Every structure is written in C-alpha cells, then in structure tokens.
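Below is a short briefing on how the parts of this assembly meet. Start with the structure itself.

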4 protein chains.
Amino acid sequence: MPTFELGPNQYGKAETRLVRVERAAGGDRITDLNVSVALRGDLAASHLTGDNAAVLPTDTQKNTVYAFAREHGIAGAEGFAARLAEHFVATQPAIHEARVSIEEYPWSPVDAAHTFRRDGGEVRTAVVHHGPYGTQTVSGVKGLVLLKTTGSEFHGYVKDRYTTLPETRDRILATSVDATWRGLEGCPDPAAARAALVEAFADTYSYALQQTLFAMGSRVLQRCPEVVEVRLSLPNRHHFLVDLAPFGLDNPNEVYHAADRPYGLIEGVVRRDGVEIPEEVAWTF
Amino acid sequence: MPTFELGPNQYGKAETRLVRVERAAGGDRITDLNVSVALRGDLAASHLTGDNAAVLPTDTQKNTVYAFAREHGIAGAEGFAARLAEHFVATQPAIHEARVSIEEYPWSPVDAAHTFRRDGGEVRTAVVHHGPYGTQTVSGVKGLVLLKTTGSEFHGYVKDRYTTLPETRDRILATSVDATWRGLEGCPDPAAARAALVEAFADTYSYALQQTLFAMGSRVLQRCPEVVEVRLSLPNRHHFLVDLAPFGLDNPNEVYHAADRPYGLIEGVVRRDGVEIPEEVAWTF
Amino acid sequence: MPTFELGPNQYGKAETRLVRVERAAGGDRITDLNVSVALRGDLAASHLTGDNAAVLPTDTQKNTVYAFAREHGIAGAEGFAARLAEHFVATQPAIHEARVSIEEYPWSPVDAAHTFRRDGGEVRTAVVHHGPYGTQTVSGVKGLVLLKTTGSEFHGYVKDRYTTLPETRDRILATSVDATWRGLEGCPDPAAARAALVEAFADTYSYALQQTLFAMGSRVLQRCPEVVEVRLSLPNRHHFLVDLAPFGLDNPNEVYHAADRPYGLIEGVVRRDGVEIPEEVAWTF
Amino acid sequence: MPTFELGPNQYGKAETRLVRVERAAGGDRITDLNVSVALRGDLAASHLTGDNAAVLPTDTQKNTVYAFAREHGIAGAEGFAARLAEHFVATQPAIHEARVSIEEYPWSPVDAAHTFRRDGGEVRTAVVHHGPYGTQTVSGVKGLVLLKTTGSEFHGYVKDRYTTLPETRDRILATSVDATWRGLEGCPDPAAARAALVEAFADTYSYALQQTLFAMGSRVLQRCPEVVEVRLSLPNRHHFLVDLAPFGLDNPNEVYHAADRPYGLIEGVVRRDGVEIPEEVAWTF
C-alpha cells in the first residue's frame with residue numbers, strides 16, 4: 001500500500017476586520033485593518049489523525065487580534081503584524097513560523113473631530129514573516145491607479161506572423177499599481193515609497209511599461225535608502241483610440257475606449273546593487 | 001389558444017466605457033465615463049416576429065456615444081446624457097423615450113500636465129430620461145463612505161419577543177451613501193449637493209440613521225435651491241464593540257469588529273414642501 | 001424658512017444569511033437563503049426627531065428570520081417570505097407594509113446522507129410584498145447563463161450615420177437570464193417556469209434577442225397557467241468571431257472572443273391577455 | 001551614485017477570453033477558456049532603456065491564442081497551454097521560459113444540438129511552465145463548494161488566555177476547494193482527481209479540517225497513480241449555530257448563520273512517498 005507524506009502546510013484566521021478608534025481631544029484617529037494570520041509548525045498530528053493538541057484555534061487567533069489592539073494599540077500595520085507574529089511563535093511551542101498579512105484602508109478626516117470619509121480604491125499592505133530566520137517585513141500598496149495622457153510610445157518590437165498591432169508614438173499609459181518593498185531592517189516609510197512610485201510614473205517618458213516599471217522601482221530605492229528590493233505588478237490598462245473615420249470624424253488622441261480584458265501584465269523586481277538581500281519568504285498555494 | 005401581450009420593454013447598449021482627453025497647454029483634463037443607453041418605442045415587431053426594421057442596433061448606440069464625445073465634447077455627465085437621449089428620440093421615428101445613465105469616475109491631477117490618479121470608491125451618477133414628458137435629470141453620488149466615531153445613539157425602540165439588541169448611548173455610525181437628487185429645471189451643482197450630504201452627516205447628532213438621512217436630504221435642499229427632491233439609500237455598516245472581558249480587558253469604545261452582513265438598510269425621500277414635483281420616471285426590471 | 005417633507009421611506013435588515021438543515025434518516029436536506037426585510041409605515045418620528053418608539057430594530061428582524069426558521073420551518077422561499085412579511089405587519093402597529101426578498105442558493109446531494117455540493121451561478125429569487133393591497137408574490141431566477149452556437153440571425157435593422165455593424169445570418173447568442181414571474185394567487189412552480197425559459201431559448205430560431213425574450217416569456221405563460229406576467233432582463237453577451245485572415249487562416253464560425261463590456265441589454269414584460277393584472281408593487285431607490 | 005539591478009521579471013497578456021465551437025452533426029461542443037500568458041527571458045533592454053527589440057507584444061500573444069485555437073484545435077486545457085508555451089520559447093530567441101495559465105468554464109448541453117447552460121461557480125484550472133527544465137503541468141479546480149451537515153467534530157485544541165471557542169462534537173463543515181495536482185509526466189485525468197476530492201470530503205469523518213485536507217490529497221494520490229503532489233487551500237466557511245434560547249426555542253443543529261468573514265484558512269501539500277518530485281516552478285509577485 002502506498003503511503004503519502006504531508007508537505008508544507010499552514011493554517012490560520014483570514015480577514016479579521018478590525019477598526020480601532022483612538023479618542024483624543026484634538027480629534028479622533030481611526031485605524032481600519034483586515035488582518036490575516038497563518039501559522040506553521042509541528043502540525044502533522046492534526047492532519048494525520050485529527051489530534052488537535054498542537055492547534056491554536058483560528059477563533060483564538062481572531063480574539064488575539066482584537067485583544068492586542070486594546071492591549072498594545074496599533075502603532076502601524078507593520079509593527080502590529082510583527083507583534084502578533086512574534087506572539088504566536090513565542091507562546092505556542094508547536095508553532096515555529098507565523099505570517100501576518102494586513103490590508104489597511106485609508107480614511108480622511110471630514111471635520112476636526114469625529115467624522116471621516118473612506119478613501120476608496122487604494123489599499124496599504126504589510127506582510128510580516130517571523131520564524132527561525134528572524135523577522136521579514138514587506139510593505140506595499142495595491143490598487144493605486146495612474147494614467148498619463150501622453151508621454152508614452154510603443155514601437156520597435158518583434159513582428160511575427162501573428163502581429164497586427166501598429167506601432168505608436170503617442171498613447172495613453174494607464175495601470176493599477178501593486179507594489180511591495182523590503183528593507184534590510186526596520187520599516188521604511190510607506191508614504192515616501194508611494195510618493196516615489198507616483199512621481200516616477202509621472203516624470204518618466206515611456207517607451208515601454210517595462211521601462212516605467214524599472215524607473216518606479218529605482219525611484220523608491222533612491223528615495224528610501226533603507227529599501228533594498230521593490231516588486232511591481234503593473235497591468236497595462238489599455239485605452240484604445242476609437243476609429244471615428246466611418247462617421248466622418250477625426251480623432252486627434254481625444255476619444256478612447258477603456259478596455260477590460262485582456263490586458264498586458266508587466267511584473268518585475270528592482271534591487272539595490274551590491275547588497276546581499278535575503279530571499280523573500282513566500283508561502284504560496 | 002391563449003395569447004400573450006408584450007408589456008413595457010426597452011433595449012440598449014449598457015456600459016460603454018468612454019475616456020475623453022481634453023488637451024490643453026495648462027494641463028490636460030480627462031473625463032472617464034461608463035455610459036448606458038436604453039430606448040423605448042414601437043418595438044413590438046422585433047419581439048413578435050423578429051422584424052428589426054425599427055431597431056437601431058445597440059452597436060450603433062455605442063458608436064454614437066464615442067462619436068458624440070468628439071463632435072460635441074462633454075460639458076458634464078448630465079448634459080452629455082441629455083444630448084444622447086434627445087438624439088435617439090429625435091432621429092429614430094420608432095423611438096419615443098430614451099434613458100441615458102452615466103457613472104463618472106473621478107481622477108485627480110498628479111502634476112500640472114499629463115498625469116492623473118484615480119480616486120477610488122466614490123462614483124458620480126447622472127440619469128436622464130427624455131420622452132413626451134420632456135427631459136428629467138437625476139444626479140447623484142454612490143459609494144461615498146462616511147463614519148462617525150461618536151455622536152450617535154440608538155434607544156427607545158420597540159422591544160418584542162425577538163429583541164436582544166441592547167440600547168446604546170454611544171456607537172459608531174457608518175454608511176456608504178447612495179444619493180440622487182432632482183431639480184425642476186437645469187442641473188443642480190453636484191459638488192454642492194455632495195458637500196451638503198457630508199456636512200449634514202458630520203454635524204447631525206444622531207438618534208437614528210433615519211434621522212441622519214432626513215438631515216442629509218434636508219441639507220441638500222437648503223443648500224441647492226433648485227433641488228426639489230433627494231433620495232437616499234444608507235446601509236448601516238455595523239461596527240460592533242468587541243467584548244474583551246474574557247481576556248481581562250475593558251473596551252472603552254476603542255476596538256470594533258466591522259461586520260459585512262447582515263446590515264441595516266435605511267432608504268427615504270426628502271422633498272421640498274409646497275412644490276409640485278413631477279413623478280420620477282422609473283424603468284425597473 | 002423653507003420646510004421639507006418626508007416622502008416614501010422604508011428600512012429593514014438586508015442579507016441575513018440563513019442555512020437550515022432538516023435532518024432525516026433517508027438523507028438530510030439543506031436550505032440556503034439570503035433574506036432581506038424592508039418595512040414601511042408610520043415612521044416619520046424616527047426621521048424627524050430621532051424618536052424610535054415605532055421602530056422595530058433591524059437586529060430584531062434578523063433574529064425573527066432565524067427564529068421563524070426553527071418555529072415554522074421553511075416550506076419554500078415564497079412561503080417563508082410571506083410568513084415573515086405578514087408577521088411584521090400583524091404585530092407592529094406602526095408597520096403597514098413589508099417586503100421580504102429572498103435569494104436561494106441551490107445545492108446538490110453528493111451522497112445519500114450528509115454531503116452537498118453548491119451549484120454555482122444560478123440563484124432562485126422570491127419577493128413578497130404584504131400590505132393593505134394583500135400579498136403580492138414575485139418568483140424568479142437570476143444568473144441562468146445560456147448560449148446557442150447557431151440558430152440566431154440579426155439583420156434588417158436601422159442604418160444611420162453611426163452604424164458600422166455588419167448584418168449576420170449566423171451568430172452565437174448568449175445571455176444571462178434574470179427573470180421574474182407573478183401569478184394571480186398562490187405560488188407557481190418555479191422549476192416549471194425555469195424549464196420553460198430554458199426550453200424556449202433552445203428551440204426558438206432567433207432573429208433578435210427581443211424575439212427570444214418574447215418567446216421565453218410566452219412559454220412560461222403557456223406552461224404555468226397560474227402565471228399572468230413574466231419580466232425578463234437579458235444582457236446580450238456578445239461573442240465576436242475573431243478575424244484570423246491576417247494570419248492566413250479562415251474562421252468558419254469556430255473561434256470567438258467573449259467580450260465583457262459593453263453589452264446589449266434587452267428587457268421586457270410578457271403578459272397574459274384578457275386578465276386584469278394588479279400593478280407590481282415596486283419600492284425603488 | 002547608487003545603481004539598481006533588474007531582478008526576476010515577466011510579462012504577457014492576461015485573460016484572453018476564448019470560446020471555441022466544434023460543430024458536429026451529433027451536437028456541437030464548446031470550450032470556454034480564459035488564457036493568460038507570461039514570458040521570461042532576455043528582457044533587460046526593455047526595462048533599462050525602453051528598447052523593445054526583444055519584446056513580442058502582448059497583443060501578438062493574444063492573436064496567437066486565437067490563431068492556435070483554429071490551427072490546432074483545443075484537445076484539452078493542459079495540451080493547449082503547453083503548445084502555446086512551447087511556441088513562444090521555440091520561436092522567440094529572447095524568450096527562455098513561458099507560463100500559460102488557463103481557467104476553463106464548464107457548460108452542460110441543454111439539448112442534443114446547439115444549446116448549452118453554463119455551470120456556475122466551479123472552474124477548472126491548468127498552468128503549464130515551459131523552460132530549460134522542460135515542461136511542468138499543474139492541473140486543478142477552484143471554487144468547488146462542499147458542505148457536510150454532520151460528521152465533523154473539533155476539540156482537544158490548545159486553550160490559552162484568548163480562547164473562547166467551545167469544543168464541539170457535531171458541527172457543519174463547509175469549504176470552497178482550491179486544489180492543484182502534478183504528475184511526473186503526462187496529464188492526469190482531471191475528472192478522476194476532482195471526483196476523489198469530493199469523495200474523500202464526503203466519507204472522511206472529520207476531527208479537523210486539516211485531517212480532511214490530508215484525506216482529500218491522499219485520495220487523489222490513490223486514485224490517480226500518475227499524480228505525485230496535491231496542493232489544497234481550504235477556507236473554513238463557518239456556519240454558526242444560532243442561539244435561539246432568548247426566544248424560548250431550542251436549536252437542535254437546525255438553524256445556522258453562514259458567516260462571511262473572518263474565516264479559517266487551511267492549506268497544505270500532500271505528496272507521494274519515495275518519489276523524487278521536482279520543485280514546483282512559481283512566478284510570484
């Protein structure tokens with residue numbers, strides 16, 4: 001009879017929705033997080049025989065998220081994630097590694113007191129891995145949608161039997177930025193990294209979205225000395241110039257169709273030269 | 001043999017995604033719209049026998065949207081919708097009524113030239129009905145998410161056999177505003193109406209979300225003299241105070257669980273007194 | 001100082017997710033519902049002054065949904081909705097009308113005992129209005145996606161300045177059916193109505209999606225004698241034949257691009273002749 | 001001045017929506033795919049200087065997907081993905097690795113001829129990596145929602161300061177299965193693997209969702225001798241028994257609240273013992 005082996009495995013509570021209000025005379029502050037915990041360790045028994053002696057229930061993990069928000073406050077998504085990850089490894093003998101992933105939803109104050117408006121779309125992210133290798137922090141942003149009305153060309157590419165795309169010297173360039181960045185230690189300033197991404201998108205004259213990607217990653221590395229690696233995933237949100245000639249109209253780069261699918265997807269990593277960067281911990285399924 | 005009758009019917013092209021760039025020395029402007037057209041008229045033949053002699057294809061409607069953006073520009077969502085609606089009724093003998101619905105996605109300039117960032121979440125809406133009754137314009141906003149950390153109570157309600165909710169003198173009040181408003185003529189200023197909604201949410205001490213709804217509608221009517229009717233749909237996005245007592249912790253209105261479902265849904269109309277308001281045209285399916 | 005008037009208004013608990021298990025020796029049965037309640041009545045005080053003396057909290061409505069599932073069981077979505085709607089009107093002096101809307105998610109048994117697989121996509125719907133006019137029941141289905149590989153033409157339509165669409169004698173016809181139907185009394189068999197919709201889509205040679213719509217509505221009326229009105233909303237999910245000529249290939253109706261947006265949207269009502277049909281109650285916002 | 005280095009990178013066309021109709025006297029067959037291509041190779045110039053001499057445009061990749069469907073047909077998602085991946089590597093000197101990911105949407109025939117109904121929810125997946133290491137094929141299914149009304153316990157777990165969850169000897173177990181599997185060569189039968197997943201979920205008496213996960217993976221390995229590795233991601237879709245005691249009602253495992261968030265997430269790999277399994281190629285961002 002063949003036997004089967006348990007490979008890498010993890011478990012945890014995903015998407016605990018936590019809102020914390022700091023009440024202050026000069027105006028409240030709110031922190032709005034979606035917290036996901038995943039744990040690894042000596043968890044074979046639970047898989048092989050259903051013996052849960054080593055299992056901290058995911059319900060308890062959720063409770064811990066809420067309790068820590070009260071006990072320790074939330075100085076920032078990265079710090080809160082690190083505290084949680086360290087707690088699970090430190091207090092559970094069977095747990096050797098923890099990953100805490102946080103999405104942070106931004107809000108803007110409406111008045112100087114108690115009212116806020118949620119900024120839609122863009123989300124701040126933080127992922128902390130904690131294990132025998134220490135603590136690895138990955139910060140990021142996703143859903144940051146940018147568009148340039150000009151300053152983008154695309155030509156000089158390979159033509160084969162299946163090519164129909166005409167070259168262009170002026171097109172709209174639009175993308176929804178998903179970016180993450182890592183420092184060797186400490187936690188780089190997310191606002192500075194985000195500003196560098198936007199700035200480089202704006203001021204890079206583009207001959208390819210790949211070129212814009214490299215410029216965006218490089219700008220983060222320039223502006224944030226403690227960052228050593230930037231990862232970018234940039235969908236090319238195609239805006240097609242509509243052919244108005246059948247209606248007797250010209251279209252001098254004015255009227256576009258914003259397409260849904262398919263879309264180009266450009267992804268890449270930009271790294272600081274001459275620095276030894278530890279491999280990124282990735283728990284993928 | 002029984003016979004069957006064709007009742008109200010409409011057809012059209014939904015969700016044409018149009019982006020228009022106005023190029024100018026002082027900085028480009030972009031308009032990002034999702035345009036849906038629906039037409040009514042003498043369309044029985046198409047339903048009963050498949051005779052399409054009276055049918056303007058939805059593909060042509062889409063072409064018209066793009067062509068009009070070039071021919072006439074887009075002075076505003078309401079005006080663009082009205083022009084399209086009038087065009088279909090004026091030029092198609094079989095078409096007697098048109099509804100053009102537009103969602104407008106806001107973008108913010110990133111620099112003084114060519115780069116923009118999309119503001120997420122909140123969407124501007126405009127619906128124009130044009131027919132024998134003239135032109136009816138309904139403007140609005142949807143997905144405007146607001147939250148108050150205090151200044152909201154809820155008590156004094158009916159208790160029956162199924163009631164377990166405790167009364168509260170201090171809760172978080174949060175909602176995602178879907179609002180529409182109508183003027184008797186012309187097109188009220190959407191920015192003013194939106195500002196009135198936010199302001200009234202912020203400065204109304206609330207004993208019920210219904211009360212906040214009425215205050216928000218009334219504020220729009222106060223600020224926008226040409227508006228005669230405001231419709232509001234306000235989901236009560238519950239934020240539940242987490243019980244931390246099992247962990248030996250108090251929770252002085254600080255740590256909340258943001259719930260997904262179910263949610264309260266409060267909807268209502270607020271109207272200007274002493275004004276005869278034509279019934280809203282509604283094509284519902 | 002101008003005064004403002006409260007117009008139509010309603011409130012209630014939306015999207016209470018209820019799963020009921022009927023345990024039986026011969027195999028369990030599960031009912032999976034998403035229940036939304038909306039109530040109307042003498043609710044002005046809550047809006048004008050925040051006096052909630054007439055307000056049954058939405059939390060209590062949620063509790064009632066769960067309690068009724070235990071007290072009365074769920075003989076069907078329509079019956080369960082009617083029982084809830086009648087309860088709120090009968091027991092709350094201030095409430096004069098109730099609407100209960102239910103989405104039902106279908107599951108298929110995997111074995112003869114306890115295991116089920118959820119059938120994705122298609123959802124059964126039931127909406128009950130109860131008020132001074134009695135009880136009105138609207139049953140339906142949504143998300144029923146159908147496609148014909150042939151047997152669909154489209155030609156003979158209006159051509160104007162903006163028309164570029166070529167006529168076709170053979171195209172794919174695909175749609176996602178949203179349908180509702182009403183009987184004068186009692187509750188028509190939803191499975192029979194759904195089967196009639198599918199059958200008419202399949203066996204109607206189509207010259208227009210409008211014609212298919214009318215055939216689908218008529219078929220329900222033929223098969224379900226107690227149904228008097230059918231409403232249909234049919235997006236035309238365009239499948240465009242890809243032009244392979246640039247690659248030296250023909251495309252004999254074989255390779256298609258399934259487009260997302262825009263899409264045609266065809267909507268209509270089909271009614272039984274010679275029957276007086278009470279107007280449909282609609283609470284729209 | 002610091003310099004920056006381009007790390008791993010890839011680009012391609014995502015989500016090309018392809019529908020193919022095979023026309024046959026005995027009834028048509030349709031294949032409905034969402035095809036995503038990603039390529040790696042000597043692409044530094046495009047990033048560093050915007051020189052696109054090595055870049056095959058994503059538009060051409062899309063064209064190739066459509067053309068190959070006509071030229072070669074689609075014998076199966078895995079085979080079609082492999083053919084595309086090999087083509088890009090074989091014909092583009094600068095491209096050394098390709099990944100083609102396919103989602104396949106199932107349809108059921110409605111009649112014996114031309115009409116189909118889309119089966120919602122569940123999706124078949126296939127990912128092919130082709131490069132210097134040869135060809136790696138990963139098949140899978142996602143969105144397969146399963147539920148057991150009984151036969152699931154959870155107890156014996158760790159209790160700490162933050163634990164409030166009561167132990168249970170009888171609960172609903174529900175999940176949405178995302179699974180992938182790999183063979184050493186050739187392409188295992190997806191239907192057999194899927195059936196094994198469902199069967200093991202049904203007949204495993206569960207003391208932990210981890211145990212069910214291991215049983216599901218093992219069953220695939222038992223039934224499909226050519227499979228060497230199974231990966232599973234199982235959200236625990238919590239169904240909470242509603243407390244009806246405040247209403248004077250018992251609740252003998254009958255009425256449940258189906259919760260949205262948070263949810264447990266159990267993930268793991270099950271492997272065939274004593275077989276050397278090449279590491280899975282993963283391009284993550």
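What percentage of the 285 residues of chain A count as buried? The figure is 63%, where buried means under 20% relative accessible area, exposed over 50% and partly exposed in between (1.4 Å probe, protein chains only).

This is a predicted model: local features need pLDDT of at least 70, side-chain atom pairs count only at pLDDT 80 or more, and totals for chains, interfaces and linings use all residues. Residues are numbered from 1 along each chain as its sequence is written, chains are lettered from A and ligands numbered from 1 in the order in which they are written, and side-chain values use heavy atoms, with hydrogens and water left out.

**Chain A overall**

- Chain A holds five helices and 13 strands; helices (H or I, at least four residues) and strands (E, at least two) are DSSP runs, numbered from the N terminus.
- The C-alpha trace of chain A spans about 75 × 70 × 45 Å along its principal axes.
- Of the contacts in chain A between residues at least 6 apart in sequence, 64% join residues at least 24 apart; contact means heavy atoms within 4.5 Å.

**Domains of chain A**

- Domain 1 (9-132) and domain 2 (142-285) come from the domain assignment of chain A, which is automatic or taken from a database.
- Their C-alpha centres lie 31 Å apart.
- Domain 1 of chain A puts 16 residues into the contact, and domain 2 of chain A puts in nine residues.
- About 1100 Å² is buried between the two domains, with 57% from carbon and sulfur atoms; buried area is the accessible area (1.4 Å probe) that two parts lose on being put together, summed over both.
- Two salt bridges are counted between these domains, each a side-chain nitrogen of Lys or Arg within 4 Å of a carboxyl oxygen of Asp or Glu.
- A:Glu122 and A:Arg194 meet through their side chains in a salt bridge (2.3 Å, N to O).

**Chain A with chain B**

- Here 51 residues of chain A are in contact with 51 residues of chain B.
- The buried area is about 4400 Å², and carbon and sulfur atoms give 60% of it.
- Six salt bridges are counted between chain A and chain B.
- A:Glu254 also forms a salt bridge with B:Arg20, with the closest N and O atoms 2.8 Å apart.
- Helix 2 of chain A gives the most to the side of chain A that touches chain B, with six residues.

**Chain D with chain A**

- The contact draws 78 residues from chain D and 78 residues from chain A.
- About 6800 Å² is buried between chain D and chain A, 55% of it from carbon and sulfur atoms.
- Four salt bridges cross this interface.
- D:Arg261 and A:Glu15 join their side chains in a salt bridge (2.8 Å, N to O).
- Polar contact links 40 residue pairs across the interface of chain D and chain A (both at pLDDT 80 or more).

Key. Polar contact = N/O pair within 3.5 Å; in protein donor to acceptor, adjacent residues only side chain to side chain.
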